[in-house]
Amino acid sequence: MSALHVDQLSFSYGPREALRQVSFSLAPGRFAALLGPNGAGKSTLIALLTRLYDVQKGEIRIGEFSLRQSPRPALKQLGVVFQQSTLDLDLSVEQNLRYHAALHGLARREVNERVEQELARQGLSERRRERVRELNGGHRRRVEIARALLHQPRLLLLDEASVGLDPGSRLALNQHVRSLCREQGISVLWTTHLLDEVHSDDDLLILHQGRLVASGQAREVSAEHGGGLDTAFNRLTTSAGASPR
Ligand code: ADP
Ligand code: MG
C-alpha cells in the first residue's frame, strides 16, 4: 500500500487553475522530492493534503484512508512543516512542543515521553529551555519537525523547509530529514525549487504550472529528459517543454 495516493487532483482559486489533474503515489519509507518553480502549485498541494482547503476534484488517500471519507484517521498519519513557520517565538522549544502535544490530545505522561524522544531525535535536548527567538533558522526548523512528529505520523510533509537558511544549514537540514527517513522508516515528501536538494536515487515529482510533468526516480527522469537534472528541469519547466501527463 502506498504512503500517499493522489488521483486526478485539480484545484482552482476562482478562475485561476493551480493544480490540473495531478496523480501520483508515494512508496512507504522513501524520500520523495516534489520539485517545482515558484507558483507551480506545491503549497496548494500541501494545503489540500492537510485539508486546509477542501478537495474540489479528485481523490487523496493517506495510507489506507480516504481524506474525504475518513479525515481523522487520514490526518493522523500526517505530520507537516508548512512553508511559513508557525512557532511561537517567545515560548521555549519545549513549551512549543508541549502546547502542540496537548492539542493532539496526548495524555500527560505520553506528552513527557514523546517530547523527550523528539527533542533527542532532533538533537535539541540541550536547547529545550531556549526561547525559539534565540535559535538560528536551522534549529527552528528542527523544532517544527519535532513538533510535526509528536503524534508519530507515518508521512512527513515539508514545504520548502530550507528556504532562508544559509547553504550549510540547508544541507544539514536536508541530510537530517533523509536520516529520519532511512533510520525511522518515515515516508517524506520534501517540496523545493532547488535542484541541489534532490539526489539521484530519490523519488522525484516535477510540478510546473499545476501539472505533474515528470515522475520517477530522479536518475531516470534526468536520463529521459536530457542527461543532468538541471537540463531535464529546464526543459520540463519552460512552457514549451511542458506536456501534460
Ligand atoms: P508554489 O508553492 O509552488 O510556489 P502555490 O501553490 O503557492 O505555488 O501557487 C500556485 C498558483 O496558485 C500560483 O499561480 C499562485 O499565484 C496561485 N495562488 C496561490 N495561493 C493563492 C490564493 N490564496 N489565491 C489566489 N491564487 C493563489
Ligand atoms: Mg509554496
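# Report on a predicted model

Elements covering the buried residues of helix H6 include strand E3 (31-35), helix H4 (108-121), helix H5 (137-148), strand E7 (155-159) and strand E8 (187-192). The model is predicted: local features need pLDDT of at least 70, side-chain atom pairs count only at pLDDT 80 or more, and totals for chains, interfaces and linings use all residues. Residues are numbered from 1 along each chain as its sequence is written, chains are lettered from A and ligands numbered from 1 in the order in which they are written, and side-chain values use heavy atoms, with hydrogens and water left out.

## Helix H6

Helices (H or I, at least four residues) and strands (E, at least two) are DSSP runs, numbered from the N terminus. Helix H6 comprises residues 167-184, and its end C-alpha atoms are 26 Å apart, which agrees with the 26 Å that its 18 residues should span at 1.5 Å a residue; the expected span is 1.5 Å times one less than the number of residues. Buried residues (under 20% relative accessible area; exposed is over 50%, partly exposed in between, with a 1.4 Å probe and protein chains only) in H6 include Arg170, Leu173, Asn174 and His176. At the start of H6, the backbone nitrogen of glycine 168 lies within 3.1 Å of a side-chain oxygen of aspartate 166. After H6 comes glycine 185, with a positive phi near 70°.

Ser43 (OG) and Gln83 (OE1) coordinate the magnesium ion (ligand 2) at 2.1 to 2.3 Å. These two residues are 40 residues apart and link distant parts of the chain: serine 43 belongs to helix H1 (residues 42-49), and glutamine 83 to the loop between strand E6 (78-81) and helix H3 (93-103). Donors are N, O and S atoms within 2.8 Å of the metal (3.2 Å for Na, K and Ca); water is not among the atoms, so sites may look incomplete.

Helix H1 is mostly covered, with 7 of its 8 residues buried; among them are Lys42, Thr44 and Leu45. H1 is followed by arginine 51, whose phi is positive, near 70°.

## Accessibility of selected residues

| Residue | Relative accessible area | Class |
|---|---|---|
| Serine 43 | 32% | partly exposed |
| Glutamine 83 | 32% | partly exposed |
| Serine 125 | 30% | partly exposed |
| Threonine 237 | 15% | buried |
| Glutamine 8 | 39% | partly exposed |
| Glutamate 160 | 4% | buried |

Most residues other than glycine have a negative phi. Glutamine 8, in strand E1 (residues 4-13), has a positive phi near 50°. Glutamate 160, in the loop between E7 and H6, has a positive phi near 45°.

Serine 125 lies in the loop between H4 and H5. Contact means heavy atoms within 4.5 Å. Not counting residues up to four places away in sequence, serine 125 touches Leu119 and Ala120. Threonine 237 is part of helix H8 (residues 229-237) and, its neighbours within four places in sequence left aside, is in contact with Pro37, Ile206 and His208.

## The largest pocket

The largest pocket holds about 620 Å³ of space. On a 1 Å grid over the protein atoms alone, a cavity is a set of points where a 1.4 Å probe fits but cannot get out, whereas a pocket is an open set with protein on both sides within 12 Å along at least five of seven lines; lining residues have an atom within 4 Å of a point. Grid points are joined across faces, edges and corners, and a volume is the space filled by probe spheres set on the points. The lining of the largest pocket has 22 residues, of which Leu75, Leu78, His100, His104 and His151 lie nearest its centre. Helix H2 (71-76), E6, H3, H4 and H5 each supply at least two residues of this lining.

Notes: A polar contact is a pair of N or O atoms within 3.5 Å; within protein, one must be able to donate a hydrogen and the other to accept it, and residues adjacent in sequence count only if both atoms are side-chain atoms.
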